[in-house]
Amino acid sequence: MARIDLVDLAHSYGGNDAPQDSFALKPVTMTWRQGGAYALLGPSGCGKTTLLNVISGIITPSRGKILFDGEDITPLSTQKRNIAQVFQFPVIYDTMTVGQNLAFPLKNRGVPKAEIDKRVAEIGRLLDLEPYLNRKATRLTADAKQKISLGRGLVRSDVAAVLFDEPLTVIDPELKWQLRSKLKALHRELDLTMIYVTHDQTEALTFADTVVVMHDGRVVQSGTPAELFDKPAHTFVGYFIGSPGMNIIPAEVRGREARIGGYVIALNRSYDKLPIGAKIEIGVRPEFVDAVAPAPGLLSAKIERIDDLGRIRFARARLGDAKLAARAPAGFTSPDGTAGLKFDPSHVHVYADSLLVEGAA
Amino acid sequence: MTVTLDHVTRTVDGIPHIRDVSLTLESGTLNVLLGPTLSGKTSIMRLLAGLDKPTSGKLLVNGKDVTGVDVRQRSVAMVYQQFINYPSLSVYENIASPLRVQGKPRAEIEARVAEAARLLRLEPFLKRTPLQLSGGQQQRTAMARALVKGADLVLLDEPLANLDYKLREELRTELPRIFEASGAIFVYATTEPTEALLLGGNTVCMWEGKALQIGETPNVYRHPQSLRVAQVFSDPPLNLVGIEKKNGSVQYAGGIAAPASGLYSSLSDGAYRVGFRAHQLALANGETDRHAFNATVTVTEITGSESFVHLTRDGSNWVAVLHGVHEFEPGQTLDAVLDPNDVFVFDAADRLVAAPGNT
Amino acid sequence: MDKTINQKAWFLVLPVFLVVAFSAVLPLMTVVNYSMQDTFGNNQFFWNGVGWFKELLDPSTDLGGRFLASLGRNLFFSLVILAIEVPLGILVALSMPRQGWTVAASLVILALPLLIPWNVVGTIWQIFGRPDIGLLGYVLNHIGLDYNYVSNDIDAWVTVIVMDVWHWTSLVALLCYAGLKSIPEAYYQAAQIDGASRWAVFKAIQLPKMNRVLLIAVLLRFMDSFMIYTEPFVVTGGGPGNSTTFVSIELVKIALGQFDLGKAAALSLVYNLIILIVCWIFYTVMTNAGAERKPQEGAA
């Protein structure tokens with residue numbers, strides 16, 4: 001249990017003298033509060049695993065410090081850092097029973113036997129592993145094994161943080177739902193600081209209170225799922241979060257109007273002082289664009305395909321050269337392949353050189 | 001061309017992997033094998049490819065029995081979950097390799113590789129070796145090689161499973177276009193219902209080595225013939241509640257009685273199980289002709305566009321999905337509302353007896 | 001997996017059948033033939049039935065006594081070198097570097113003894129241990145140890161064992177090293193995070209994962225040491241007295257020294273049988289262990 005501060009933390013696999021552009025993790029300063037649930041989200045190679053390994057002590061950072069409750073632990077080894085970690089693939093001690101696996105981290109630290117038994121029983125109960133506690137761990141299914149790995153991560157009550165490195169990779173979709181909500185419930189129950197690394201936005205958004213989106217070694221935005229969804233600070237966040245991602249369309253923006261090709265979209269705020277020479281784009285989530293029957297006054301787009309996801313349908317549309325996705329409400333059909341697009345102006349954002357521009361009221 | 005599995009069974013060391021599967025695949029179709037791990041998807045693919053022999057039953061191509069024919073004499077291409085490429089060859093040579101084996105003239109190889117590279121957006125990388133590519137590009141190379149072969153049957157075994165979420169999403173939207181352009185028989189194995197829906201085509205719903213239901217993807221999704229199909233084809237998982245119909249009213253397990261309106265009205269008296277997907281469960285009581293339950297929130301998962309509310313009621317776990325951001329406190333109780341016109345009803349043998357008409 | 005069946009494949013196996021028939025089956029039949037007969041030279045043979053075999057197993061006869069004594073020495077030798085080479089090999093494998101240029105360097109150094117022919121190894125140690133001109137023998141005697149493998153039983157045994165350990169520990173180490181290399185890095189990280197001591201990491205991760213290669217190592221080393229001939233023959237010639245006479249040396253003495261073809265044939269058949277049985281036991285143990293560890297797989 002600890003507050004974690006990252007102070008000007010950076011890492012380069014090529015050493016500190018390498019050009020900063022090549023850093024796997026570019027300098028970052030942020031604070032994670034005690035008991036929070038955090039997710040590091042980004043595509044492969046974005047630096048999220050590097051950051052995780054720096055926190056767990058597997059990598060010593062080229063620059064900067066990590067503080068646990070204000071105490072600098074940067075030079076400490078993994079063992080001394082008092083953290084727990086769950087890996088992508090189940091790590092099981094073959095010769096031990098499930099119970100012994102769970103007890104292993106406690107036993108190594110000389111915790112009294114009564115205390116160990118109590119903790120193992122509790123974690124076994126929380127993870128529904130009770131029936132297997134006395135069985136050899138090798139013969140179990142992949143998801144049971146991963147539960148054991150999770151259990152070993154959670155069994156110590158005194159850890160500063162529990163780190164998860166894409167722990168649900170090997171789990172089937174239906175079990176993913178169960179394990180995810182289980183993890184979230186465990187987080188409430190155990191009051192541990194948890195840091196969860198993933199490329200899967202659903203996992204990140206559903207697990208974490210605060211999602212840290214990383215791109216190209218940089219933290220591009222850190223916020224609640226709702227913030228990331230409603231107001232992406234960077235076009236990458238807009239694209240990466242949401243499924244389908246945000247529509248990002250090059251546009252000319254003047255005052256309260258955006259022009260795409262010959263079309264005009266109304267904006268809710270006024271953008272008069274956009275940086276000159278910057279690449280201007282508008283961003284709007286598919287959920288806030290409706291494909292409807294063509295009508296005068298509506299933008300007219302070509303419908304290329306309609307994706308039916310069961311509970312929602314998305315139309316893939318083309319507006320001049322720009323491609324975008326729009327919600328296709330129940331009953332919407334497009335016999336002639338065209339549709340009108342209705343934008344919700346309060347959810348249309350303007351980006352200059354990929355960064356969000358706050359308009360004036 | 002058609003490929004048919006005719007009452008095929010395969011047993012390995014006494015353990016049945018495939019149980020009496022019959023299905024017919026036509027040229028130019030995309031067929032999704034949907035089912036959890038170990039449900040028999042890979043076994044079916046290996047049978048189709050001719051890598052394994054059925055224990056009983058026949059494999060027909062255009063009506064001709066090819067059960068014993070060597071795999072090398074069949075026109076099959078396969079893409080695996082792992083990215084399998086020749087590490088020392090350039091992307092161009094990787095894609096061209098099946099054509100070189102076939103001894104095609106140089107000009108034709110160039111043209112076909114260029115075409116496949118264009119389709120899979122690999123043009124900028126043709127000179128690189130696979131190890132210099134990202135996972136998505138490597139898998140696209142493997143797919144291009146499968147496509148360029150011009151095989152009549154292309155098997156894809158969870159090809160996107162090892163890719164980043166966002167890449168998966170992008171490739172998924174491109175795949176139907178690529179499939180259409182090819183005209184071969186495509187078989188695509190996946191564990192994810194959403195992937196099946198996005199790909200469209202036909203879906204074969206697999207469970208414990210059986211093909212439970214075969215049909216057009218949206219049809220299988222909307223009219224699952226059995227409870228198991230509905231469960232395999234639901235993400236989030238299917239919610240369930242038991243009911244008893246008697247004298248024009250229904251009694252829900254856990255003690256709520258309601259008039260047998262909507263889909264319940266046509267049921268004969270007896271016990272049923274009602275299945276409903278997350279989006280079929282509402283969390284606000286607005287209308288009268290609906291059935292409300294008192295449920296307790298365990299966890300809320302918010303993705304921004306949607307909120308998944310996990311509930312417990314009378315010992316069962318349910319998930320509801322709401323648009324936008326909604327935060328509920330764990331332990332909070334609220335009304336979970338079912339529309340009796342918008343549920344799946346299964347009889348005692350788990351067969352579908354009533355489904356929503358048009359959603 | 002029952003793959004599609006191709007009958008033509010049998011033709012490809014045919015040459016092997018022929019070669020095996022000429023190189024193994026025919027000579028073996030000759031030996032069986034000899035083992036039932038007695039000879040007094042001049043190519044005169046007399047039928048002796050199972051007489052040699054009875055003698056072999058009877059310690060009161062000359063043949064039986066020599067055979068059983070050498071068999072005992074052989075078993076003792078195998079046990080001793082296994083008890084030394086296996087733990088030592090594991091230790092060497094554990095202390096080897098896991099990455100960097102030192103990996104290649106240490107692999108080459110380890111492989112060196114394995115590349116030396118048996119009789120050369122024998123010759124090296126034969127000279128190395130000589131008290132008059134050998135470095136080892138001279139130094140040992142110089143510092144006051146009375147060491148002479150030609151006259152002292154124990155010295156001879158120590159020399160033969162040390163020689164074998166020097167020659168073959170590398171093999172065990174290389175096999176263990178391969179086993180260690182196959183352990184994913186995540187296991188070590190997890191163990192570090194779980195606060196495992198060095199010993200706990202060895203017991204919980206490395207040893208279980210080396211299980212299979214260790215079995216192979218034990219099998220190979222047992223078979224090899226049980227059939228040992230060249231090195232001790234070159235160094236001690238089976239002496240002093242008979243103290244380092246192993247079964248194979250005894251066999252050669254009887255067959256070529258005394259030209260007792262019948263006795264030698266019977267001995268070699270029994271010797272062969274013992275090796276086959278031991279092989280079979282090892283094979284069964286290994287495949288069973290393998291089946292037990294094999295996870296559920298199949299209809300994925």
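A residue is taken as buried if 20 or more other C-beta atoms lie within 10 Å of its own, with C-beta atoms placed from the backbone. By this criterion, 44% of the 359 residues of chain B count as buried in the model, which is a predicted one. Chain B contains 8 helices and 21 strands, and its C-alpha trace spans about 75 × 45 × 35 Å along the principal axes. Among the contacts in chain B with a separation of 6 or more, 66% come from residues 24 or more positions apart.

We may turn next to the place where the two chains meet. Here 33 residues of chain A are in contact with 31 residues of chain B. On the chain A side, the elements that give two or more residues are helix H5 (173-190), helix H6 (201-207), helix H7 (225-230) and strand E16 (299-308). Of these, H5(A) gives the most, with 8 residues. Sorted by class, the side of chain A that touches chain B has 13 nonpolar, 9 polar and 11 charged residues.

Leaving aside residues up to four places away in sequence, A:Lys184 touches A:Phe207 in its own chain, and B:Val299 and B:Glu301 across in chain B. A:Gly42, for its part, is 142 residues from A:Lys184 in sequence, and the two are 20 Å apart in space, C-alpha to C-alpha.

Strand E16 of chain A, which also gives residues to the side that touches chain B, has two pairings to describe. With strand E17 (residues 313-319) of chain A, E16(A) pairs in the antiparallel sense over 6 bridges, and in this pairing A:Ile303 has A:Ala317 as its bridge partner. The hairpin of E16(A) and E17(A) has 4 residues between the strands, and A:Gly310 takes a positive phi near 90° there. With strand E19 (residues 338-343) of chain A, E16(A) pairs over 4 bridges, again in the antiparallel sense.

A:Glu281 stands opposite A:Tyr351 in E20(A). In general, strands of a sheet pair through backbone hydrogen bonds, either parallel or antiparallel.

Helix H2 (residues 98-108) of chain A is mostly covered, as 8 of its 11 residues are buried. The buried residues of H2(A) are A:Val98, A:Gly99, A:Asn101, A:Leu102, A:Ala103, A:Phe104, A:Pro105 and A:Leu106. These residues pack against helix H3 (113-126) and helix H4 (142-154) of chain A. Just after H2(A), A:Gly110 takes a positive phi of about 65°.

Key
Residues are numbered from 1 along each chain as its sequence is written. Chains are lettered from A and ligands numbered from 1 in the order in which they are written. This is a predicted model: local features need pLDDT of at least 70, side-chain atom pairs count only at pLDDT 80 or more; totals for chains, interfaces and linings use all residues. Two residues are in contact if their C-beta atoms, placed from the backbone, lie within 7 Å. Ala, Val, Leu, Ile, Met, Phe, Trp, Tyr, Cys and Pro count as nonpolar, Asp, Glu, Lys and Arg as charged, and the others, Gly among them, as polar. A residue is buried if 20 or more other C-beta atoms lie within 10 Å of its own, exposed if 12 or fewer, and partly exposed in between; C-beta atoms are placed from the backbone. Two strands pair if DSSP finds at least two bridges between them.
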